[in-house]
Amino acid sequence: MTNKTLVCEFLYIEKEMTPSEFFLKNFDLQKTVESHHQDGIIDISLPSLKFNYNNQSYKLLYNEIELNNNVYSISISLLYENNKEKHAIILDKVMGFINNRRNHNFNLIFTRNDSLKYFSIRLYKLLYNFETNLRSLVKIMLIPDNKQEWHKVITSKVDVTTKLSKTAKIEKIIEELSITDLELMLFDKTFPKGSNLFEDELSRKQVEKLTRQEIINVININRPASLWDTYFSHYIEYDVMNAMKVIKTTRNNAAHYREFDSEQYKETLKVLNKVNPLIKNTIKELQSLDSDVLIKISQAMEEKVANVFEEISKNTINLTKDLKKALLNDLSNDLNPLKSMVIPMKDI
């Protein structure tokens, strides 16, 4: 089987050590790429470096070219026959080792990084699927009920350019959102519409009359909710909010050619492989529902909100009744001394 190669190239600006001095002194890899595997024997004989990792032998090719005084072009290549992902991760760990060991001996500026290239290409398709499926999920959930007004649900959550025509808002509003806007729209928690929690239910005067449990009840009824809580959490029992934080960080790094390591790659890959099928299956589930069922879902949402405010009103009415009762009792107590008084008729 023909050997293949993964390459990392970087510029080495010398400060304290030449490249040869640095690698001969430091490139022992702690007898392995990861220090908790003590199964390696290192053969340092430039231009090649051999090491064992997880009971397998690997060979790095090293090439050094001096471009100018104290400036070198360094190439480190890892040979492999199959399983490109495993070798990309190993080469990334090698470069991580070099970066951690260099201290202030030199500056390192990448000009080629095949590990990062592999990670980015591997993730791009999954990242694309995540974003497009998530946008489709929002459309399929909101449009059947809200019809041409569905874009108002979006604009009530995030600021979107006002240059769009009404038709463009109806047809393309979700595509105007960046990944950050999308995250804010879905997961930013707001108070229910019409809730005057601090002006009414929990105003200073009212709080003084409430018991601790009554205050807790009012807060629970008025607890802020996100768009995701209201519409989507019933279908996808997964922490998509935290998953999106992981995804967004890696997505921005890949899109803007920033460095990220194999650990971030593995974490993002795991999250995407979990959340993408969940979103895709939810879309299929919603598409299989007929319009009557979708209307019932919407009505259930409306009833839920209505019940919340009915409970608020009920609590307020009960509080008002209790207040009136207390005032009447106080008035009755004040009138009791008058009742016992005998007023002579002639004095009237």
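Is Ser 120 buried or exposed? At 11% relative accessibility, Ser 120 is buried, where buried means under 20% relative accessible area, exposed over 50%, and partly exposed in between, with a 1.4 Å probe and protein chains only. Ser 120 sits in helix H3. Setting aside neighbours within four places in sequence, Ser 120 is in contact with Ala 254 and Phe 260, contact being heavy atoms within 4.5 Å.

A quick word on the ground rules. This is a predicted model, so local features need pLDDT of at least 70 and side-chain atom pairs count only at pLDDT 80 or more, while totals for chains, interfaces and linings use all residues. Residues are numbered from 1 along each chain as its sequence is written, and side-chain values use heavy atoms, with hydrogens and water left out.

**The chain as a whole**

The protein chain has 13 helices and six strands. Those are DSSP runs numbered from the N terminus: helices are H or I with at least four residues, strands are E with at least two. Of the 348 residues, 37% are buried. Among contacts with a separation of 6 or more, 66% link residues 24 or more positions apart. The chain exposes about 21200 Å², and carbon and sulfur atoms supply 51% of that; accessible areas come from the Shrake-Rupley method with a 1.4 Å probe, and for residues only the protein chains shown count as cover.

**The core**

The largest nonpolar core has 74 residues. A nonpolar core is a set of buried Ala, Val, Leu, Ile, Met, Phe, Trp, Tyr and Cys residues joined through side-chain atoms within 4.5 Å. Helix H3 (residues 114-146) gives this core its largest share, twelve residues. Ile 76, Ile 154, Met 185 and Leu 186 have the most contacts inside the core. Leaving out neighbours within four places in sequence, Leu 186 touches Leu 134, Val 138, Ser 226, Leu 227, Trp 228 and Phe 232 by the contact cut-off.

**Helix H1 and its surroundings**

Which residues of helix H1 (residues 19-26) are buried? They are Pro 19, Phe 22, Phe 23 and Asn 26. Seen down the axis of H1, these buried residues fall within an arc of 90 degrees, so they line one face of the helix; the arc is that of the directions from the helix axis to the C-beta atoms. On the other side of H1, Leu 24 and Lys 25 are exposed.

H1 also packs against H2, at an angle of about 105 degrees and with the axes 11 Å apart. Axes are lines fitted to C-alpha atoms, for helices over the stretch in contact, and angles run from 0 to 180 degrees between N-to-C directions. That makes H1 roughly perpendicular to H2, a label for angles of 65 to 115 degrees. Phe 22, Phe 23 and Asn 26 of H1 make the contact with Phe 97, Ile 98 and Arg 101 of H2.

Asn 105 lies in the loop between helix H2 (84-101) and strand S6 (106-113). Beyond its neighbours within four places in sequence, Asn 105 has contacts that include Phe 22 and Ile 13.

**Loop residues side by side**

Most residues other than glycine have a negative phi. Asn 70, however, has a positive one, and Tyr 257 does too.

Methods
Angles under 35 degrees count as roughly parallel, over 145 as roughly antiparallel, 65 to 115 as roughly perpendicular and the rest as oblique.
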